[in-house]
Amino acid sequence: MHCLVLLCLLLNISTCDGQRELYDHLFSNHSALVRPVANVGTPVHMTVGFGLITLENHDEIRQVFISQGVLTVTWRDETLVWSLFDFNVTRIIVPASALWVPDLIILNDVNNNGHVPTDVVSVVVHYTGDVMLSVGGRRETYCRVDVTKFPFDTQVCQIRVRQWASIDSEVRVTPKSSNIDLSEYNGNNGEYTMVHTNITTVTNEKKHQTELRFSVTFTRKSLYYIQLCVLPVILLSILNLAVFLVPSESGEKMTLGISVFLSYAVFLTIIHGFLPEISDTISIYGIYLSVMVCLKVLTLLLSVAVLNIHHNKSQQPPPSWLCRTMSWYSTPETVNNPFVNDTTVHCESWHDAARNVDRMLFFTFSIVTLTVTTGFFCSFTT
């Protein structure tokens, strides 16, 4: 038993001595400023991958995509190669500042001017010279918002990575795979559902640089917005039709109309808080809401006209053109008008004319509201 313990201690001491000798062998004359290639004309082949951990938020107001993930960069350092037979060490972990690292930036970064913080992390160096650098953290990147189909919209956000000063003849950038790594992805996001990811390569011929675009496509979970915004507006649109069913003599026609109009104004304020202040794209829902507001204003104006007809004190009967206009909406008892030559229409009083106008406006606005609402939902299927 004592011999076994002594043997383990000797092996540990031997390993520590081997690592110390390996560090002295590799970094005694190593420069972190020189590209790690034997031939100056040979580029450093670098692969870049991104692993998404959390889709944290998509701030529509600031147009910022907030995510947490790990950016993994691998390349081969020809000056950091050793023999397993001589040192019996397969890999070492060293500060990134001790060796050459690629000059990468995130082009659409919001907070850190695109700088990839490599000075505070460590890298893993294998005996073959393969170096792996992993930089994780929370990132905020600019992402243009398309609110056309809000709240049933789909957004595509990117993390754009490129060399800063080096060119393709010095550092060759290639993606690690065709998709973002989702092996550690935590999909618990209450507002968005991720659809798919992909990685595209874009070469800038003028600057002789290569850009990698890590794209994330996600859709909004719309149930919350349907309950909060869409359904109440549709119900208010139906309630708007009830203004024409309220009898003019009740005195509550304008009260109901103004109440519905103020409710529309409240929803306009709520929607304004959800959408960015941009004019590149216009929300179909915003257009629908504006059309409903216009119909509401028109409803109030026509209600005033109906009340004027109802409270007309003239002893003269309603004009024949008004009766003819209401002929399709007249009730059976309003036939054989003694004041109109055309016996198909009957308006006995201004009260009857106001009632018929209300009927006509109710059917007309019902058709318009149904058409606009149907068009609103059909627009999301195209």
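**Sheet, hairpin and salt bridges**

Six strands form an open sheet in the order S3-S5-S6-S2-S1-S8, with mixed pairing. Strands are DSSP runs of type E of at least two residues, helices are runs of H or I of at least four residues, and both are numbered from the N terminus. Two strands count as paired if DSSP finds at least two bridges between them. The edges are taken by strand S3 (91-95) and strand S8 (171-175); each has a single partner strand, so one side of each is left without a neighbour in the sheet. Neighbouring strands of this sheet are turned by 30° against each other on average, direction ignored. Axes here are lines fitted to C-alpha atoms, for helices over the stretch in contact, and angles run from 0 to 180 degrees between N-to-C directions.

The model is predicted: local features need pLDDT of at least 70, side-chain atom pairs count only at pLDDT 80 or more, and totals for chains, interfaces and linings use all residues. Residues are numbered from 1 along each chain as its sequence is written, and side-chain values use heavy atoms, with hydrogens and water left out.

Strand S1 (residues 44-59) has pairings of both senses. With strand S2 (residues 64-76), S1 pairs in the antiparallel sense over 11 bridges. With S8, S1 pairs in the parallel sense over five bridges. Strands of a sheet pair through backbone hydrogen bonds, either parallel or antiparallel. On the S2 side, Leu 55 stands opposite Ser 67, and Asp 59 stands opposite Val 64. On the S8 side, Met 46 stands opposite Val 173. S1 and S2 form a hairpin with four residues between them. In the turn, Gln 63 has a positive phi of about 55°.

Side chains of opposite charge can pair when their charged atoms come close. A salt bridge is taken here as a side-chain nitrogen of Lys or Arg within 4 Å of a carboxyl oxygen of Asp or Glu. By this rule the count is 10 salt bridges. One of them joins Glu 56 and Arg 138, with the closest N and O atoms 3.0 Å apart. This pair links distant parts of the chain: Glu 56 lies in strand S1 and Arg 138 in strand S6 (residues 130-142), 82 residues apart. Glu 56 is partly exposed at 31% relative accessible area. Arg 138 is also partly exposed, at 45%. Buried means under 20% relative accessible area, exposed means over 50%, and partly exposed lies in between (1.4 Å probe, protein chains only). Salt bridges link Glu 56, Asp 59, Arg 62, Arg 138 and Glu 140 in a network.

Arg 220 forms a salt bridge with Glu 191, and the closest N and O atoms are 3.5 Å apart. Arg 220 lies in strand S10 (residues 209-220) and Glu 191 in the loop between S8 and strand S9 (192-204), so the pair ties together parts that are 29 residues apart in sequence. Arg 220 is buried at 7% relative accessible area, whereas Glu 191 is partly exposed at 23%. Arg 213 forms a salt bridge with Glu 211, at 2.8 Å between the closest N and O atoms. Arg 213 is partly exposed at 24% relative accessibility; Glu 211 is buried at 6%.

Leu 231, Leu 235 and Ile 238 make a nonpolar surface patch of about 290 Å². Ile 238 lies in helix H3 (residues 223-241). Ile 238 is exposed, with a relative accessible area of 52%. Patches are made of residues with over 30% relative accessible area and no salt bridge; nonpolar side chains (Val, Leu, Ile, Met, Phe, Trp, Tyr) are joined within 5 Å and like charges within 9 Å. Accessible areas come from the Shrake-Rupley method with a 1.4 Å probe; for residues, only the protein chains shown count as cover.
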